[in-house]
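Could you walk me through this model, from its overall layout down to a single residue? I'd like the explanation in plain words.

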Amino acid sequence: MKSAEPQQDAKVRRLAEAKAAEPGALLPILHSIQDELGYVPETAVGIVAEVLNLSRAEVHGVVTFYHFFRTHPAGKHTLYLCRAEACQSMGSRQLEQYVREKLGVDFHETTADGRFSLEPVYCLGNCACSPAVMVDETVYGRVTPERIDEIVG
Amino acid sequence: MSTTSVKVFVPSDTTARSLGADQVAAAVAAEANKRGVSIEIVRNGSRGLYWLEPLLEVEVDGVRHAYGPVTPADVPDLFAATFLEAAPHRLALGPTEKIEYLAKQTRLTFARVGLIDPVSLDDYRAHGGYRGLANALKMSGEQIVQAVLDSGLRGRGGAAFPTGIKWKTVLGAPADQKYVVCNADEGDSGTFADRMVMESDPYVLIEGMTIAGLAVGATRGYVYIRCEYPQAIRTMREAIERAKAAGFLGDGIQGGKGSFHLEVREAAGAYICGEETSLLESLEGKRGMVRYRPPLPAIKGLFGKPSIINNVISLASVPIILDKGAEFYKNYGLGRSRGTLTIQLAGNIKRGGLIEIPFGIPLRDILYAYGGGSATGRPIAAVQAGGPLGAYVHPTQFDTPFDYEQFAAVGAMVGHGGLVVFDDTVDMGEMARFAMEFCAIESCGKCTPCRIGAVRGVEVIDRIRSGVNESSNLALLKELCETMVSGSLCALGGMAPFPVLSVLKHFPEGLKSQAPSAGKATDRRATEQAL
């Protein structure tokens with residue numbers, strides 16, 4: 001595929017080549033691409049496949065299997081809202097409703113101003129202080145609607 | 001004040017930080033600075049008394065005194081009350097070790113958790129760390145494996161398979177390369193013991209894996225950690241670098257002949273990768289699809305080589321077994337459940353946290369004596385034990401002792417030791433539906449009963465609750481559960497029906513028509529599905 005972003009492609013290639021020799025390198029490579037670019041662009045699939053001598057289908061299959069990898073740019077921040085049982089026992093369903101309304105988006109969507117993407121998550125390991133959310137890499141416990149207001153501003 | 005700095009401990013554990021521990025640490029530093037007092041702030045792990053976090057401790061004459069839960073606003077007041085001399089204060093809890101919740105526990109695997117600076121090797125060694133490895137270095141592989149066998153240790157990930165037998169199989173499998181894989185993909189809701197070990201005492205896991213490597217002749221290891229645990233990943237990576245620099249990892253461990261190279265691999269959000277064969281696929285850079293067994297991973301595991309694959313707590317329990325002996329460990333517990341169990345008390349509970357005690361305590365005591373009842377103060381109506389694939393336990397079963405066999409006897413499971421508590425506002429039919437929904441989201445898709453069964457399960461439950469052909473759909477749901485249990489390739493599809501079946505059995509009200517007039521479908525979606 002012809003890419004409109006040769007610089008990005010070069011970066012992807014560099015990231016892939018840096019880890020290509022590791023055993024089972026595909027996940028570490030996809031992580032470094034997403035760390036760097038915020039997502040795994042479609043053009044990366046072909047480049048990574050070429051570097052690892054895999055088929056594009058194999059790489060595409062892995063990218064789409066894992067919930068964490070995204071194929072489109074995310075918002076500036078990602079709010080991960082826990083939907084698992086412990087959080088449900090402390091009212092996460094109502095919180096979920098509040099967050100959706102507050103941000104005006106559903107799961108896997110990004111706010112119009114591009115500030116937040118909303119993603120479901122099934123357990124953050126913060127189950128003794130439920131409900132929990134994580135914004136980028138910061139976890140919040142015993143989250144209330146008021147706390148959500150503070151967090152998302 | 002004396003000239004030496006007083007040590008103040010503020011936990012760096014994820015849960016403590018989720019409740020503001022970083023802000024408390026900053027407030028303590030600022031207030032000390034303002035008052036010109038010299039203190040040393042140590043960011044320890046958490047003691048696991050989570051309802052008291054952020055739990056601040058001050059060390060006076062070698063005894064640690066606790067204050068909590070502390071907010072940044074409390075900090076000036078604590079200084080004014082001279083908490084640095086362990087003075088009384090409305091937040092004072094007395095000496096930490098005497099807090100009943102902690103004092104009643106038997107902390108073997110979690111001996112150092114919350115006590116030490118997680119990444120300080122000196123701290124680790126000063127508290128008994130690396131003594132197990134020192135013993136292991138003087139033993140043959142067979143002897144190490146025998147010690148683990150004799151200890152009675154069973155896999156703490158959920159399946160409870162004897163750890164020593166896995167190791168023995170790997171030891172007896174000839175190969176040019178073997179692996180030790182740690183399953184740190186702790187995806188079950190209500191569990192956080194693995195995270196705590198990795199964040200609060202990472203070296204105990206590194207030591208356990210190193211011993212495993214020496215035991216079976218594996219020179220490479222991987223810790224596969226879920227990406228939802230960024231702090232555990234950071235702490236483990238830092239600890240591995242430090243252990244390497246100090247000669248505890250790499251070639252020629254502690255000047256001997258043993259070699260063990262360890263690396264952290266970050267997962268990518270698939271629950272199924274907690275299943276060991278799909279974890280191996282993932283480590284190999286593939287979709288996390290479950291493998292057929294045989295061959296067992298112990299014979300053909302990672303990259304087709306013999307591999308030990310164990311849960312974090314199993315591996316973290318190995319150092320103390322090698323340090324104090326198999327007998328010491330075995331003397332704790334009940335029947336075939338030996339040693340201690342790390343219970344994670346979570347959900348709607350007043351005093352949630354980590355409880356390490358010998359097997360066999362009645363569930364009721366965990367919920368009330370430790371947990372103090374529900375957080376909301378309402379009656380406890382149900383407890384999900386052992387994660388999202390575990391049964392919902394009814395109050396009439398609360399006297400069951402918490403061990404593998406006795407829980408299995410009442411159709412429930414211990415699993416990874418997680419307990420999620422619900423009060424009487426819970427809609428059990430909704431929880432049954434969620435079990436199927438979760439399975440549908442997380443199924444790897446390899447086998448039909450799981451991939452399609454879970455989707456159908458959600459639909460059938462929706463119909464029942466909407467009052468569409470209630471009795472025939474109930475029969476269908478039971479049949480579907482049977483098919484999934486007996487026909488699925490792994491535990492996800494094979495056990496997702498367990499919570500559903502437990503609701504059918506113990507909370508039948510939840511799986512009845514919730515429609516205003518039973519028997520008449522008022523939900524348009526359900527009607528369409530029924531057509």
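Predicted model: local features only at pLDDT ≥ 70, side-chain atom pairs only at ≥ 80, totals over all residues.

Residues are numbered from 1 along each chain as its sequence is written, while chains are lettered from A and ligands numbered from 1 in the order in which they are written.

Let's start with the domains, whose bounds come from an automatic or database domain assignment. Chain A splits into domain 1 (6-65) and domain 2 (77-152), and the C-alpha centres of these two domains of chain A are 29 Å apart. Chain B has domain 1 (6-103), domain 2 (121-329), domain 3 (332-423) and domain 4 (428-530). In chain B, the C-alpha centres of domain 3 and domain 4 lie 25 Å apart. Their contact takes nine residues from domain 3 of chain B and 14 residues from domain 4 of chain B, where two residues are in contact if their C-beta atoms, placed from the backbone, lie within 7 Å.

Now for where the chains meet. Chain A puts 35 residues into the contact and chain B puts in 46 residues. On the chain A side, helix H2 (26-37), helix H4 (56-65), helix H5 (85-88) and strand E5 (138-140) each supply at least two residues. Helices (H or I, at least four residues) and strands (E, at least two) are DSSP runs, numbered from the N terminus. H2(A) gives the largest share of that side, four residues. By class, the side of chain A that touches chain B has 23 nonpolar, nine polar and three charged residues. Here Ala, Val, Leu, Ile, Met, Phe, Trp, Tyr, Cys and Pro count as nonpolar, Asp, Glu, Lys and Arg as charged, and the others, Gly among them, as polar.

Next, look at chain B for an open sheet of four strands, ordered E8-E7-E6-E9 with parallel pairing. Strands E8 (261-266) and E9 (307-311) of chain B are at the edges with a single partner strand each, so one side of each has no neighbour in the sheet. Strands count as paired if DSSP finds at least two bridges between them. E6 (residues 179-184) and E7 (residues 220-225) of chain B pair over six bridges, with Ala184(B) opposite Ile225(B). Six bridges also join E7(B) to E8(B), and there Tyr222(B) stands opposite Glu263(B).

How enclosed is E7(B)? Six of its six residues are buried, so the rest of the structure largely encloses E7(B). A residue is buried if 20 or more other C-beta atoms lie within 10 Å of its own, exposed if 12 or fewer, and partly exposed in between, with C-beta atoms placed from the backbone. One face of E7(B) carries Arg220(B), Tyr222(B) and Tyr224(B), and the other carries Gly221(B), Val223(B) and Ile225(B).

Helix H10 (residues 202-216) of chain B is mostly covered too, with 15 of its 15 residues buried. Just after H10(B), Gly217(B) takes a positive phi of about 80°.

Finally, find Ile313(B) in helix H13 (residues 312-316) of chain B. Ile313(B) has 27 other C-beta atoms within 10 Å, which means that Ile313(B) is buried. Leaving out residues up to four places away in sequence, Ile313(B) touches Thr109(B), Arg156(B), Ala193(B), Asp194(B), Val197(B) and Thr342(B).
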